[in-house]
Amino acid sequence: MDRFVVRGGARLAGTVSVSGAKNSVLKLMAAALLAEGTTVLANVPDILDVTVMGEVLRRLGCDVVRGKATVSITVPEMPGHEADYDLVRRIRASIAVLGPLVARCGEAKVALPGGDAIGSRGLDMHVAGLIKLGASVVSEHGYLIARAPRLVGAAVWLDFPSVGATENLLMASALAQGTTIIDNAAREPEIVDLCVMLQRMGAHIGGLGTSTLEVQGVEALHPVEHHTVPDRIVAGTWAVAAVMTRGDVTVLGGRPEHLEMPLDKLAQAGAVVEPLEGGFRVAMDRRPTAVDLVTLPYPGFATDFQPLFLGLNTVAEGTSMITENVFESRWMFVNELVRLGADVRTDGHHAVVRGREQLSGAPVTAHDIRAGAGLVLAGLVADGVTEVADVHHIDRGYEGFVEKLVALGAVVRRETAPVEPWLG
Ligand code: EPZ
């Protein structure tokens, strides 16, 4: 139960590098199941979720070897088809094995991951899409069980451009008989990255980056080597940190073209945003101006940036309104910010933030990845010391967060809390 101890006041300055995207690499690892043999992924972040996903694949009979920013996955002729609860509940992304397993093995048994701190996280679109492709899907004893001797291509319309449902249906339809059209599909850069890898494996996919994906199923796919797209959420986190601390940070590896909305909002807040060869620079020399936000699927403003920008607005000049349209309960983080002296009111999908000159350090708790990072950033601009507990959430998505912050001039350290003796 590690925690981060943050002393406020430092101005971040220097260069930080960003590695591959958590929200892509986890699906690329699942996609490896679609082909017998060894797939090698590069630009793999050293984060907890990759370790857990590796364990999910090992339990399915794969040989998984981590190297320096790489992971090699050797898939047997017939992998197992059951992903068990104790792993799935640790990372929701493991639901991404559902599509590949039913397509490759004709059967998939995946534990229902359940909801988490940000929402109910339904799977109805995954299920409805697989049923459209000819699978029978039942939910029993806490498991989703999908069966299909061979999936058959069909037209699927998603009620909402769900990232997870788009990915599962993309991977399932790659080995289906005939053509699948996924309409109202998600368009995130991580979806494009998955499409590119599947194409390299031999899949026929059209409409990359659009809301209509067309997949011509093939008999078999082959393993590949693939370089993971950079993590735009991590890159954006460093940009927000630069603005909150009135610093000057160069983010190497981040792609500004994947961050148009958040970088535009930072410019509106008063920051200098400069695209560079292989990255971008963000600098701020005054108190930021509050900015209004509405979260939407890509290319809209990503919900994963919401906690970070909400934190920014708590110390900005003026009042702002934030509207959360993607996850119905992504406000748990607000109570922790209020502990730091922030003035935030929420009502349904909306939060109203009145910016304050300064927050005051206090003990707080991370409830999810982005909220955790947001609390550390708030601690960087709070008076005194902020202790952020349950930072395993941050380790799930941020590689070397403390080390990189310290290299930029922050005063932060990781403390491993002594395990309390069992009082029985
Ligand atoms: C992915 O989650 C990301 N996670 C999330 O990042 C990200 O916030 C989200 O996409 C939106 O961009 C990973 O890629 C591992 P969705 P996912 O399916 O796939 C509802 C982070 O911090 N829905 O697009 O679960 C759902 O409840 C994480 O890195 C259904 O109702 O997101 C949500 O309200 C947090 N039924 C909305 O749609 C379904 O069948 C969007 O979910 C599917 C989704």
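A: A polar contact is a pair of N or O atoms within 3.5 Å; within protein, one must be able to donate a hydrogen and the other to accept it, and residues adjacent in sequence count only if both atoms are side-chain atoms. This is a predicted model: local features need pLDDT of at least 70, side-chain atom pairs count only at pLDDT 80 or more, and totals for chains, interfaces and linings use all residues. Residues are numbered from 1 along each chain as its sequence is written, and side-chain values use heavy atoms, with hydrogens and water left out.

Q: How far from an oxygen atom of the ligand is the polar side-chain atom of arginine 370?
A: The distance is 2.7 Å. Serine 162 also places a polar side-chain atom 2.7 Å from a ligand oxygen. For lysine 27, a side-chain N or O atom lies 2.8 Å from an oxygen of the ligand.

Q: How much of the ligand's accessible area does the protein cover?
A: Accessible area comes from the Shrake-Rupley method with a 1.4 Å probe. On its own the ligand has 830 Å², and the protein covers 86% of that.

Q: What is the order of the open sheet of four strands with E1 in it?
A: Strands of a sheet pair through backbone hydrogen bonds, either parallel or antiparallel. Two strands pair if DSSP finds at least two bridges between them. Here the order is E23-E25-E1-E26, with mixed pairing. Strand E23 (363-365) and strand E26 (411-416) are at the edges with a single partner strand each, so one side of each has no neighbour in the sheet. Strand E1 (residues 2-7) pairs with strand E25 (residues 385-389) in the antiparallel sense, over four bridges. Valine 5 has glutamate 387 of E25 as its bridge partner.

Q: Which helix packs on the sheet?
A: Contact means heavy atoms within 4.5 Å. Helix H12 (residues 369-380) touches E1, E23, E25 and E26, and its direction makes about 25 degrees with that of E1. Axes are lines fitted to C-alpha atoms, for helices over the stretch in contact; angles run from 0 to 180 degrees between N-to-C directions.

Q: What is the order of the open sheet with E10 in it?
A: This sheet of four strands runs E10-E11-E13-E12, with mixed pairing. The twist averages 15 degrees from one strand to the next. E10 and strand E11 (residues 179-183) pair in the parallel sense over three bridges. Isoleucine 182 in E11 is the bridge partner of valine 156.

Q: Which residues does a cis peptide bond join?
A: The bond joins tyrosine 298 and proline 299, with omega about 10 degrees. Proline 299 sits in the loop between strand E18 (293-294) and helix H10 (306-314).

Methods
Helix = DSSP H or I, 4+ residues; strand = E, 2+ residues; numbered from the N terminus.
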